[in-house]
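Work through these exercises with the structure open beside you. Try each task before reading its solution.

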Amino acid sequence: MSGTSRGAERLVVIGGDAAGMSAASQARRLKGPDELEIVAFERGHFTSYSACGIPYWVGGEVSDRDQLIARTAEEHRARDIDLRMRTEVTEIDVAGGRVRAHDVDSGAESWTSYDKLVIATGARPIRPDLPGADAPGVHGVQTLDDGQALLDTLARTRGRRAVVVGAGYIGVEMAEALINRGYEVTVVNRGSEPMSTLDPDMGRLVHEAMEGLGITMVNDAEVTKLLTGQDGRVRAVGTQDAEYPADVVVLGIGVRPDTALAEAAGLPLGAHRGLLTDLAMRVRGHENIWAGGDCVEVLDLVSGQERHIALGTHANKHGQVIGTNAGGGYATFPGVVGTAVSKVCDLEIARTGLREKDARRVGLQFETVTIESTSRAGYYPGASPMTVKMLAERRTGRLLGVQIVGREGAGKRVDIAAVALTAGMTVDRMTSLDLGYAPPFSPVWDPVLVAARKAAKAVQENTL
Ligand SMILES: Cc1cc2nc3c(=O)[nH]c(=O)nc-3n(C[C@H](O)[C@H](O)[C@H](O)COP(=O)(O)OP(=O)(O)OC[C@H]3O[C@@H](n4cnc5c(N)ncnc54)[C@H](O)[C@@H]3O)c2cc1C
């Protein structure tokens, strides 16, 4: 076993990407190597990489894979983090305070003891258990290796027909990437509209805009098989009632927390199979074990319920909090309001807070308003239409959620609503927010404030 006679405490990190390496780096900022030894295990080829950038690398906006690597293994090691690449942790022995690691290349096994442990194993993409799902030409896009494999296939493929399975944000971003590469793109989606993180009426706007971009949208379709040709490569995606020819298939049907290791160690999982932590990101019931990123569940501050939301923005913040605590400081992660933004070509899509069905599920009564406005003053060149939907609690007027679909400047407007939600504002209070205004940036009443005014009126009219 490595590290039996040690002066410094040892922090072991499992998972070398956003959450894990943010935690390691922050702990190192607070404590030097004399006080804290840091050992991090990463089973893959890359550390501290941006999976978020994969669609833009595949689409050609980002020219080089290395631009997506925020910090290399050598850079971490230069900061006294003993980062062991291509090494998978296969067991956590909680009672013994140690982890078993498997060197992927040599096959060697070893145990490493810890005083403090961080679990940052991320999420695993869902692969359909269907005939042909592993055929050449079928790709996921979770890792940089996946992105490279897809680019290799695109370089080799003579045909220009691509099918994307799934119309969440990864599906729509990959549809854009393939359009940019000159492919004819079909998106096959199980839901009634794309972007199920929006209400269906707002998803409908995304659907129409994607069709306007030349993307064929197939909704309410369950993929039943991936058909292969004589060469064994994928040739079509089959649903219950049709076949869609494909030279390449990209899967974007969601992820699940990667918690098999944690579960086997007896650590607590929630209803969504994510690890359960306290506000300091400590695994519940375990003083010296923390977890963060895509492998945990987070508290939704609007609904008060635990959810699994796989986003890099959370993973980085979790890592910062964990590293502070593991480094002897104090920090907490209070929870999320559910903010996300994405785009397909020039269409920007954003949401925060609760959808109608989320609000109903937790027993909230609410008013819903939808407004049309523009990104700039109507007379200013380049003004483009924008739709804002807003939910406010009945009687109290508390803001519950906002969804925005539009073009330039639409997406990041959701941050106004995210701040208002975090502050627990009413829609009436929002109407007087002192937002910046000049004709090139917004109408004199920003679209979010127009929605807030309409929502406040609805709340007032329906208050008994
Ligand atoms: C295509 C795509 C686009 C995205 N776009 C966005 C976006 O625009 N905005 C946003 O906020 N988020 C986005 N995300 C999500 C974001 O990338 C993730 O939320 C983030 O990477 C999570 O970080 P993490 O450290 O928790 O997990 P991961 O990044 O998954 O890292 C976990 C690491 O742990 C390693 N590991 C797992 N188990 C073991 C083990 N037993 N031993 C050793 N190593 C192990 C894995 O190899 C992996 O490198 C996107 C994701 C994808 C795939």
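**Exercise 1. How many residues does helix α4 have, and how far does it reach from its first C-alpha to its last?**

Solution. Start with the ground rules. This is a predicted model, in which local features need pLDDT of at least 70, side-chain atom pairs count only at pLDDT 80 or more, and totals for chains, interfaces and linings use all residues. Residues are numbered from 1 along each chain as its sequence is written, and side-chain values use heavy atoms, with hydrogens and water left out.

Step 1. Find the helix. Helices (H or I, at least four residues) and strands (E, at least two) are DSSP runs, numbered from the N terminus. Helix α4 covers residues 144–156, which makes 13 residues.

Step 2. Check the span. The expected span of a helix is 1.5 Å times one less than its number of residues. For α4 the reach is 18 Å, close to the 18 Å expected.

Step 3. Look for cover. Buried means under 20% relative accessible area, exposed over 50%, and partly exposed in between (1.4 Å probe, protein chains only). L144, G147, L150, L151, T153 and L154 of α4 are buried. They pack against α2 (54–59), β9 (138–139), α5 (169–180) and β16 (248–251). Contact here means heavy atoms within 4.5 Å.

**Exercise 2. What is the strand order of the open sheet of five strands?**

Solution. Step 1. Know the rule. Two strands pair if DSSP finds at least two bridges between them.

Step 1. Read the order: β9-β16-β10-β11-β12, with parallel pairing. The edges are β9 and β12 (216–218), each pairing on one side only.

Step 2. Zoom in on one pair. Strand β10 (residues 161–165) and strand β11 (residues 184–188) run parallel, joined by five bridges. V164 stands opposite V187 in β11.

**Exercise 3. How many residues of strand β25 are buried?**

Solution. Step 1. Count. Eight of the eight residues of β25 (residues 399–406) are buried, so the strand is largely enclosed by the rest of the structure.

Step 1. Find its partners. Strand β22 (residues 347–353) pairs with β25 in the antiparallel sense over six bridges. There, V402 is the bridge partner of T352. β24 and β25 also run antiparallel, joined by seven bridges. L391 stands opposite G401.

Step 2. Inspect the hairpin of β24 and β25. Five residues lie between the strands, and R395 takes a positive phi near 75°.

**Exercise 4. Which residue does K389 join in a salt bridge?**

Solution. Step 1. Apply the rule: a salt bridge is a side-chain nitrogen of Lys or Arg within 4 Å of a carboxyl oxygen of Asp or Glu. The count comes to 33 salt bridges.

Step 1. Name the partner. K389 pairs with E356, the closest N and O atoms being 2.7 Å apart. This pair links distant parts of the chain: K389 sits in strand β24 and E356 in helix α9 (residues 356–361), 33 residues apart. Both K389 and E356 are buried.

Step 2. Contrast another pair. R273 and E263 meet in a salt bridge (2.5 Å, N to O). R273 lies in the loop between α7 (260–264) and β18 (289–291) and E263 in helix α7, so the pair ties together parts that are ten residues apart in sequence. R273 is partly exposed at 39% relative accessible area, and E263 is partly exposed at 42%.
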